[in-house]
Each structure stands twice: as structure tokens, then as C-alpha cells.
Amino acid sequence: WGATALRDAPQAGLYVLCFEALRAPFNSSSSVVNMGAGMAAGFLSTAATQPFDLVKTRIQLQPQEYRHFTQAFSKVWREEGWRGLATGMM
């Protein structure tokens, strides 16, 4: 539960922040502006929280090896570095 909350809460907050910031300069409520801002906000917020999603998934799939968030994050960082934390981005 904790790893999921550590991923979902920041992702949702970043999404809203990015969406509003990207939409504001156009001063329009057109569906094209909203769709573009939504797509960009979704990409940015998901990319920013990817390491948390990776750790959450590893905890769920391999609970014997990855026991809790801090241990799992440290293990991935030590063994795989930034590349490991970005696994699954594409």
C-alpha cells in the first residue's frame, strides 16, 4: 500500500499542476487545447514518478527480494543506478 501511495499522490498532484500550467497560456477552453495539455501533463507526471512505479512493481512481483519501499529503492539504486530506476520508461 505504501509504495502505491508514494507513486499515486505525487503523480496526481504533478498532473494537475502541469495541466493547468500548460493550458493557462492559451486562455481557451477548446477541446484541442485541453487534450494537448492533458497528454503533455500525463507524460510529464508519469515520467517524473517512474522510479516510484518501478519500485512498487518490484515489491508486488518479488516480495521476498524487495521487502519495503526504502529497501527496494536502495537495492535498485545500488545494483542498477539511474538506468535501473528508469526501466520501463519507454
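A residue counts as buried when its relative accessible area is under 20%, and as exposed when that area is over 50%. Values in between are called partly exposed. By this cut-off Ala72 is buried, because its relative accessible area is 1%. The model described here is predicted.

Ala72 is placed in helix α4. Its contacts, apart from neighbours within four places in sequence, are with Val55, Ile59 and Tyr66. Leu54 is 18 residues away from Ala72 along the chain. The C-alpha atoms of Leu54 and Ala72 are separated by 9.6 Å.

The overall fold is helical. The protein chain has four helices and zero strands. Along the sequence the order reads α-α-α-α. Helix α1 covers residues 2-23, and helix α2 covers residues 31-48. Helix α3 spans residues 50-61. Helix α4 spans residues 69-85.

The dimensions of the chain were computed next. The radius of gyration of the protein chain is 16 Å, whereas a compact globule of 90 residues would have a value near 12 Å. Along the principal axes, the C-alpha atoms fill a box of roughly 50 × 25 × 15 Å. Buried residues make up 29% of the 90 residues in the protein chain. The accessible surface comes to about 6000 Å². Carbon and sulfur atoms account for 65% of that surface. Contacts were also sorted by separation in sequence. Among those between residues at least 6 apart, 47% join residues at least 24 apart.

Salt bridges were examined in turn. The structure holds five of them. One of these joins the side chains of Asp53 and Lys56, with N to O at 3.7 Å. Both residues belong to helix α3. They are three residues apart, which is about one turn of the helix. Asp53 is partly exposed, at a relative accessible area of 22%. Lys56 has 10% relative accessibility and therefore counts as buried.

A second salt bridge pairs Lys75 with Glu65 through their side chains, at 3.4 Å from N to O. Lys75 lies in helix α4, and Glu65 in the loop between α3 and α4, so the pair ties together parts that are 10 residues apart in sequence. Lys75 is buried, its relative accessible area being 12%. Glu65 is partly exposed, with 35% relative accessibility.

Lys75 also forms a salt bridge with Glu79. Here the closest N and O atoms are 2.9 Å apart. Lys75 and Glu79 sit four residues apart in helix α4, so about one helical turn separates them. Through shared partners, salt bridges join Glu65, Lys75 and Glu79 into one network.

Gln71 is another residue of helix α4. Its relative accessibility is 16%, so Gln71 counts as buried. A polar atom of the Gln71 side chain lies 2.8 Å from the backbone nitrogen of Arg67. Beyond its neighbours within four places in sequence, Gln71 is in contact with Glu65 and Tyr66. Tyr66 is also among the contacts of Ala72. Glu65, in turn, is the salt-bridge partner of Lys75.

The loop between α1 and α2 contains Asn27. Most residues other than glycine have a negative phi. Asn27 is not a glycine, yet its phi is positive, at about 45°. Asn27 is exposed, because its relative accessibility is 76%.

A nonpolar patch was found on the surface. Leu22, Phe43 and Leu44 make up this patch, which has an area of about 290 Å². Phe43 is found in helix α2. Its relative accessible area is 58%, so Phe43 counts as exposed.

How values were computed:
Residues numbered from 1 in each chain as written. Predicted model: local features only at pLDDT ≥ 70, side-chain atom pairs only at ≥ 80, totals over all residues. Heavy atoms only, no water. Patch = residues over 30% accessible without salt bridge, like charges linked within 9 Å, V, L, I, M, F, W, Y side chains within 5 Å. Areas by Shrake-Rupley, 256 points an atom, 1.4 Å probe, with all protein chains shown as cover. Salt bridge = Lys/Arg side-chain N within 4 Å of Asp/Glu carboxyl O. Helix = DSSP H or I, 4+ residues; strand = E, 2+ residues; numbered from the N terminus. Buried < 20%, exposed > 50% of the residue type's maximum accessible area, 1.4 Å probe, protein only. Rg over C-alpha atoms; globule rule 2.2 N^0.38 Å. Contact = heavy atoms within 4.5 Å. Polar contact = N/O pair within 3.5 Å; in protein donor to acceptor, adjacent residues only side chain to side chain.
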